[in-house]
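Here is a short briefing to read alongside the model.

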Amino acid sequence: MKARYPGYNVLDKRGTVSWDDVTREVIKQRMAPPSESRFLDPLAWQTLQAVCESVMPQSPEAAQIPVAAMLDERLRTNAGDGYRDMRLPPLRQAWRIGLAALNEESIATFRQPYYSLAAPQRHLLLERMQRGELVHPAWHGLPSDIFFSNRVLKDICAIYYSHPYAWNQIGFGGPANPRGYVRMYFDRRDPWEAAEAKPGHEVRARRGKHRVR
Amino acid sequence: MREFEHDDDVDFAIVGTGAGGGTLACRLSELGFRVVAFDAGAWWRPLEEFASDESHQKKLFWTDERLCDGETPLVLGTNNSGKAIGGSTVHFAMVSLRFRPEWFKSRSLLGYGADWPLDWREMWHYYTQVEQALKISGPLKYPWGPKRPRYPYREHELNAAAWVLARGAEALGIDWTSTPLATVSAPRGHSPPCVYRGFCVSGCATNAKQSALVTWIPRAVAAGAEIRDLAMVTRIAVGNNDRVTGLEYIREGQRQFQRARHVVVAGYAIETPRLLLLSATSRFPDGLGNSSGLLGKNLMVQSNQAVWGVMPEEIRAYKGPPSLAITEHWNYTDIGKDFFGGYSYMSQGPLPIVWAGALNRRGLWGQALLDEMQHYNHQVGLKIVGETLPQERNRVTLADEKDANGLPIARVTYSFCDNDKRLIRHALDFMGRALDAAGVGDIWEETNDTCHLNGTARMGDDPRCSVVDGDCRSWDIPNLWICDGSVFPTVGGVNPSLTIQAIALRTADRIAALAGRGELDRRPQKKMS
């Protein structure tokens with residue numbers, strides 16, 4: 001797929017008046033997460049990486065968003081949401097059960113661990129999870145559809161879209177303090193916003209990004 | 001800041017510093033009372049400590065565990081929670097609306113819910129006071145309801161998402177307006193005008209937002225109140241005379257006790273009933289102030305459903321406050337409805353994580369989600385703040401599970417009723433027509449979001465059917481007060497913060513009046529007729 005905002009990199013604004021010191025520090029830390037698991041055991045970690053690849057597929061050529069590592073770190077710090085659907089156990093326990101159960105489902109269906117499945121089989125099992133069709137005893141009564149919506153999608157997608165690389169893909173302006181924005185109307189873009197490539201005008205969009213400062 | 005000793009019998013110990021507690025702390029101290037206000041959250045310095053970042057700013061939310069069940073289990077912890085000096089006003093969307101006058105007597109005049117023990121004309125007076133105190137930026141003329149004074153600051157410029165609301169409303173022949181907002185459109189003291197950075201619901205890093213943190217709290221401190229941050233109140237103590245004597249709290253790992261002549265609970269509609277339930281004694285086995293049995297019941301959210309679509313034009317809804325335009329048409333129109341209550345709807349500006357969450361709830365993930373996210377700068381939508389009816393089955397109770405302090409956490413049980421569902425259906429249909437008329441394509445419905453929490457300690461005229469009286473005073477314990485969204489008997493179709501603040505201003509005036517005639521320490525006996 002062609003980039004809709006060719007050449008746009010929100011990080012180019014890091015040194016500008018669109019970023020303040022506290023935001024620079026916060027994003028710096030986000031760009032340097034641990035790359036290995038520090039919380040999950042090896043099998044759960046491999047399963048999680050495979051799940052993340054299916055839920056938020058990333059092009060191998062692109063700079064990678066380390067979604068699984070960021071989620072593992074969240075599990076390590078046990079950072080809660082402020083609520084829990086009563087059908088779910090607490091954060092860490094839910095993930096431990098869910099990942100183990102997914103692996104058991106994979107073995108029961110395909111006779112191999114989840115992480116070793118090809119992408120279509122991984123996808124298939126996640127679709128069945130989304131529909132609540134996975135009921136292996138390893139779920140310990142945890143409804144797989146609730147786990148899918150309240151943990152898998154919610155946690156993984158929130159992490160993915162907390163990353164500047166994801167903002168580049170969708171043309172989000174990113175941090176905006178203290179400068180903020182001036183042009184508010186339809187089809188008006190501040191010079192420090194992402195330029196969208198209209199069909200046939202990709203070069204103009206690419207030139208536009210040079211004014212992102 | 002003035003500081004009080006633990007054995008100093010302060011006039012008022014207030015639990016919570018948001019729209020209710022912060023406002024009350026300010027006015028009570030200005031009226032000469034000795035006040036300590038407690039908050040479990042931190043006292044943030046926005047200019048130094050607020051990042052322009054959705055995920056980092058979760059530090060403003062109440063992220064301690066609660067359990068949610070019912071037919072429509074609530075999602076908590078973001079838009080309906082706050083843990084900071086200033087409470088959830090630190091990250092609210094600043095929408096500052098008055099109730100429709102009839103809502104204060106919705107049972108008598110409109111046939112549903114419960115009447116408030118307050119008169120709308122008195123509330124109109126206090127609404128004006130809040131609007132002045134927060135220097136609300138709003139339109140020259142407000143299209144609905146009785147005459148109101150001009151807003152102190154000029155309205156904000158509309159963004160493209162707001163213009164879509166305007167186009168749809170014009171096409172369907174209903175009124176709309178720019179939204180009255182608690183963020184300044186021109187300089188005010190230490191607040192610069194809003195720069196339209198769009199991270200409002202993650203906390204304002206410029207202090208343009210007129211939250212309790214930058215309005216009531218500094219005034220309270222200047223007037224001699226103490227604000228005690230990072231202090232989690234765990235129990236209200238009751239003496240042998242059935243009066244509260246102070247409160248237990250945990251700060252810096254230490255269990256401490258503050259004596260107080262009065263305690264005000266202002267912890268919002270979950271923590272307020274939780275604290276009162278946790279404070280049960282042998283004399284008050286069902287929790288403090290619960291002789292009616294209604295403490296924790298009649299929890300009311302507001303429905304927060306939306307209709308979304310994409311436009312050929314770039315919208316870039318991330319710019320500016322999220323809800324710059326509004327229509328209250330269906331709050332003020334009673335014909336053509338198959339439901340009780342009303343709703344407003346507003347333009348929207350979700351940032352990427354919130355937007356991805358909405359698409360997740362639509363069932364999208366994988367490549368389908370990535371593809372849909374490509375339309376981020378072209379997506380546009382309308383979202384309601386819808387009235388839900390009070391139901392006793394919707395309630396806050398104590399769960400078996402314990403928090404880090406060993407105290408039972410809150411269990412929040414919630415189900416929409418048929419009337420709520422009819423209101424939502426009506427709103428989704430109407431907003432879908434509005435988007436279509438505005439030229440929006442690929443329209444879809446987000447059917448399962450909620451916002452705001454109210455009503456677990458309702459006010460009323462009758463001790464049998466309410467927890468507090470119109471002065472926010474417990475019917476059972478005369479020196480116990482509740483002053484936050486918990487006291488709402490009905491919730492209306494507008495964001496509650498302006499009403500909570502107006503009630504707090506009124507409560508402060510009532511406390512001063514009661515003190516003046518010697519009725520603050522004991523409730524006068526009702527004459528038998």
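How much space lies in the largest cavity? In this predicted model, the answer is about 80 Å³.

**Cavities**
- Searching the whole structure turns up three cavities of 30 Å³ or more.
- The largest cavity is lined by 13 residues, and those closest to its centre are B:C194, B:R197, B:C200, B:C204 and B:T206.
- Sorted by class, this lining of the largest cavity consists of eight nonpolar, three polar and two charged residues.

**Chain A at a glance**
- Chain A has eight helices and one strand.
- Along the sequence, these elements of chain A come in the order α-α-α-β-α-α-α-α-α.
- If you box in the C-alpha atoms of chain A along the principal axes, the box is roughly 55 × 40 × 30 Å.
- Two domains are assigned in chain A: domain 1 takes in 1-17 + 173-213, and domain 2 covers 30-164.
- Between the C-alpha centres of domain 1 and domain 2 of chain A there are 33 Å.

**The second largest pocket**
- This pocket has a volume of about 650 Å³.
- Its lining is made up of 26 residues, of which A:A3, A:S59, A:A62, A:Y165 and A:Q169 are the closest to the centre.
- Two elements each give two or more residues to the lining: α7 (164-170) of chain A and α10 (366-373) of chain B.
- Of these, α7(A) provides the largest share, with four residues.
- The classes in the lining of the second largest pocket are 15 nonpolar, eight polar and three charged residues.

**A helix pair to look at**
- Two packed helices are described by the distance between their axes and by the angle between those axes.
- In chain A, the axes of helix α3 (residues 67-77) and helix α4 (residues 91-110) come within 9 Å and cross at roughly 135°.
- That angle makes α3(A) oblique to α4(A).
- Is the crossing of α3(A) and α4(A) left-handed or right-handed? The crossing of this pair is left-handed.

Technical notes. Residues numbered from 1 in each chain as written. Chains lettered and ligands numbered in written order. Predicted model: local features only at pLDDT ≥ 70, side-chain atom pairs only at ≥ 80, totals over all residues. Heavy atoms only, no water. Domains from an automatic or database assignment. 1 Å grid on protein atoms, 1.4 Å probe; cavity = no way out; pocket = protein on both sides within 12 Å on 5 of 7 lines; lining within 4 Å. Points joined across faces, edges and corners; volume = space filled by probe spheres on them. Nonpolar A, V, L, I, M, F, W, Y, C, P; charged D, E, K, R; others polar. Axes fitted to C-alpha atoms, helices over the stretch in contact; angles between N-to-C directions. Parallel < 35°, antiparallel > 145°, perpendicular 65-115°, else oblique. Left-handed = near helix turned anticlockwise from the far one by under 90°.
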